[in-house]
Amino acid sequence: MSRRPDEESSARRAALGGAAAGLALAAALLLPAFLSGGVPARGDLADFFWPMKAYTAERWAAGGLPLWNPLSGCGEPWLAQLQSGALYPGDLPFLLGWREGAFLGIALHLVLAAAGAAFFLWELGASRQASVLAGALYAGGGAYLSLVPVYNNAATAAWLPWIFAGAWRVSTGRSRGAGLVVAAAGAFLAGEPSLAAAGCAGAFAVALFAGADGERHPDRTPRAGLAGRLALPLLLGVALSAAAVVPFAAYLRSSERRASV
């Protein structure tokens, strides 16, 4: 079932409304710390994740692929350290400098999370106002904000609403899955593969069962066929992130970290 152009335009406006809510949240939550020279959260954010992202950005700015970091312990594989985000486009703000880039990186993911949640709620049939409110509640709620000190978790979680929205659109016949491919790849490249995998599995299940039943019409694709239509873009998304995920998996298999994983 396809939507009329004006409905697709409404979807974009809902996402933009969510993005505006995320931007307002970013200003309220981050500006005080930025202007005072402080940091917006405790935990691993400032003494682990920000130096990690800053080093990765410096390697790219110097014209080299960040394969190895001699400054981490006695040296560590860096492309295979998925938390480094070596191939993650969402870490581009760190090219602006560690301090400005760090704050801008959090703001970017607040906007991404709020826009995705608003878009997903609009896809479920909510009004634009309710969708924007849902975006603000997702990005500004304790569940999401508690992930910011563990930055790669927050970056991955920002993509989850887009994964659910993309899967829902496939299940209701409004998309062939291009958006789902991008969202799944973004979630894995952001650096927390377990959360990305759980999000993809959850979106698959919700779209396969709730989506198929929620908008059923006589020529609906059988559930087995729908499972294939959902699985293909999810697998393509993982394939897009393989340049980072495969070295990470090989690193785990050959190191002592496999026991804890």
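In this report, contact means that heavy atoms lie within 4.5 Å of each other. The structure is a predicted model, in which local features need pLDDT of at least 70 and side-chain atom pairs count only at pLDDT 80 or more, while totals for chains, interfaces and linings use all residues. Residues are numbered from 1 along each chain as its sequence is written, and side-chain values use heavy atoms, with hydrogens and water left out.

Gly 186 is found in helix α8, which covers residues 178-189; helices here are DSSP runs of H or I with at least four residues, numbered from the N terminus. With a relative accessible area of 7%, Gly 186 is buried, a class that means under 20% relative accessible area, whereas exposed means over 50% and partly exposed lies in between (1.4 Å probe, protein chains only). When neighbours within four places in sequence are left aside, Gly 186 is in contact with Tyr 88 and Trp 159. Between the C-alpha atoms of Gly 186 and Glu 123, which are 63 residues apart along the chain, the separation is 20 Å.

Ser 10 belongs to helix α1 (residues 5-36). Ser 10 counts as buried because its relative accessibility is 16%. Its side chain is joined to that of Arg 13 by a polar contact of 3.1 Å. Such a contact is a pair of N or O atoms within 3.5 Å; within protein, one must be able to donate a hydrogen and the other to accept it, and residues adjacent in sequence count only if both atoms are side-chain atoms. Setting aside neighbours within four places in sequence, Ser 10 is also in contact with Trp 122 and Arg 128.

Helix α1 also holds Leu 31. This residue, Leu 31, is partly exposed, at a relative accessible area of 42%. The C-alpha atoms of Leu 31 and Ser 241 are separated by 33 Å, and the two residues stand 210 places apart along the chain.

**Nonpolar cores**

A nonpolar core is a set of buried Ala, Val, Leu, Ile, Met, Phe, Trp, Tyr and Cys residues joined through side-chain atoms within 4.5 Å. The largest one has 56 residues, and those with the most contacts inside it are Leu 45, Trp 50, Ile 106, Tyr 144, Trp 159, Ile 163 and Leu 230. Helix α3 (residues 98-123) provides the largest share of this core, eight residues. Another core lies apart from it and has eight residues, including Ala 15, Phe 119, Trp 122 and Trp 168.

Leu 230 touches several residues, among them Ala 167, Val 170, Leu 180 and Phe 204, not counting residues up to four places away in sequence.

**Cavities**

A search of the whole structure finds two cavities of 30 Å³ or more. On a 1 Å grid over the protein atoms alone, a cavity is a set of points where a 1.4 Å probe fits but cannot get out, and lining residues have an atom within 4 Å of a point. A volume is the space filled by probe spheres set on the points.

| Cavity | Volume | Some lining residues |
|---|---|---|
| Largest cavity | about 40 Å³ | including Leu 79, Tyr 88 and Ala 244 |
| Second largest cavity | about 30 Å³ | including Ile 106, His 109 and Tyr 144 |

The lining of the largest cavity divides into seven nonpolar, three polar and no charged residues. For the second largest cavity, the lining has six nonpolar, one polar and no charged residues. In these classes, Ala, Val, Leu, Ile, Met, Phe, Trp, Tyr, Cys and Pro count as nonpolar, Asp, Glu, Lys and Arg as charged, and the others, Gly among them, as polar. Helix α3 gives the most to the lining of the second largest cavity, with three residues.

Technical notes. Helix = DSSP H or I, 4+ residues; strand = E, 2+ residues; numbered from the N terminus. 1 Å grid on protein atoms, 1.4 Å probe; cavity = no way out; pocket = protein on both sides within 12 Å on 5 of 7 lines; lining within 4 Å.
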